[in-house]
Amino acid sequence: MIINNIEIRPGDDLLIRLNISRLPSGTQIDIPIHVFRSEEPGPVLLLMAGMHGDEVNGIETIRRMIRRRMLQPLRGTILAIPILNIYGFLNFSREVPDGKDVNRSFPGSATGSLASRVAARFTREVLPLVDYGIDFHTGGASRSNFPQIRCELEGEGNEPLAQAFGAPFILDSKLRPGSLRKEASKLGKSIIVYESGESLRLDETSINTGIEGTIRVMHHLGMTDTSVPVSHPPVVCKKTTWIRARRAGLFRSFVKNGQAISRGQQVGTVADPYGYASHPITSPVNGYVIGLNHMPVVNQGDAILHIGVE
């Protein structure tokens, strides 16, 4: 196994710094990759966070597992990347400085935009080594996601991996052009996405669920002999739908993340700020709240509630 021209032998525990570029100040930007390789053969599992630099829950999840020495496999290899998008992390931003999304830039180009170059270096150096992966994300803007796994359930190996993780919800999520999942699927690799919490805000439930789910995946792949029991079997959602604000104003939610809701149930209101009117918001389907907008001021068309349907 070779990354960045560094040979990784069985039994190695290494930190490899993959150089991407430089800031305008001349400061080098490197992506740290922790490699934990057992002396016993086995699968290669990728744990990656910070694809979007403001999604800190996944960064903290991987950081804790590294710090607590939870990623030393009995068999196989773990590649742990706490932050892929160093630029976004430094700028509290989802994107890189050119405004592009790394997760819409795969497989990338060594001579393309900055986001494309980050994707290209990862695609060339890391992705070919990976058998399975967990990509850690959170909700964007002020939207908070309830702990959930997203994957294409028809993809080979995805559903067993998602079931092993044991998050409260599993969403059947189609592959998006330019995404890491789509590029990995072309190479026959199974990568699931763990979504939980919201950007720029640490959430202990999200972090602990991520740690426990990772341990269960490692056990499922035969990389460790220990596991953590699942309290409840995951709810599989074949469909999802968004409730969007039909009017601008002040949004107030009557439901909580993870809650079961019924068709026709009032889930909140949007009111004008001057006290003239308050408009009810009702659910169009039976399902579960899997994402909730915590921004009280909404514009017409804003996504305010994400519903998963079994």
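Does Ser-105 count as buried or exposed, and at what relative accessibility?

## A residue in a loop

At 13% relative accessibility, Ser-105 counts as buried, a term that means under 20% relative accessible area with a 1.4 Å probe and protein chains only. Ser-105 sits in the loop that lies between α2 (86-90) and α3 (114-125), and, leaving aside residues up to four places away in sequence, Ser-105 touches Ala-115, Ser-116, Ala-119 and Gly-178, where contact means heavy atoms within 4.5 Å.

## Basis of the model

This is a predicted model, in which local features need pLDDT of at least 70 and side-chain atom pairs count only at pLDDT 80 or more, while totals for chains, interfaces and linings use all residues. Residues are numbered from 1 along each chain as its sequence is written, and side-chain values use heavy atoms, with hydrogens and water left out.

## Helices α1 and α6

Helix α1 (residues 56-67) packs with helix α6 (residues 204-220) at an angle of about 50 degrees, their axes being 9 Å apart; helices here are DSSP runs of H or I with at least four residues, numbered from the N terminus, and axes are lines fitted to C-alpha atoms over the stretch in contact, with angles from 0 to 180 degrees between N-to-C directions.

From α1, Asn-57, Glu-60, Thr-61, Arg-64 and Met-65 meet a set of α6 residues that includes Ile-207, Ile-211 and Thr-214. The residues of this contact of α1 with α6 divide into 3 nonpolar, 6 polar and 3 charged, with Asp, Glu, Lys and Arg counted as charged, Ala, Val, Leu, Ile, Met, Phe, Trp, Tyr, Cys and Pro as nonpolar, and the others, Gly among them, as polar.

## After α6

Gly-222 follows α6 and has a positive phi, near 75 degrees.

Methods. Helices (H or I, at least four residues) and strands (E, at least two) are DSSP runs, numbered from the N terminus. Buried means under 20% relative accessible area, exposed over 50%, partly exposed in between (1.4 Å probe, protein chains only).
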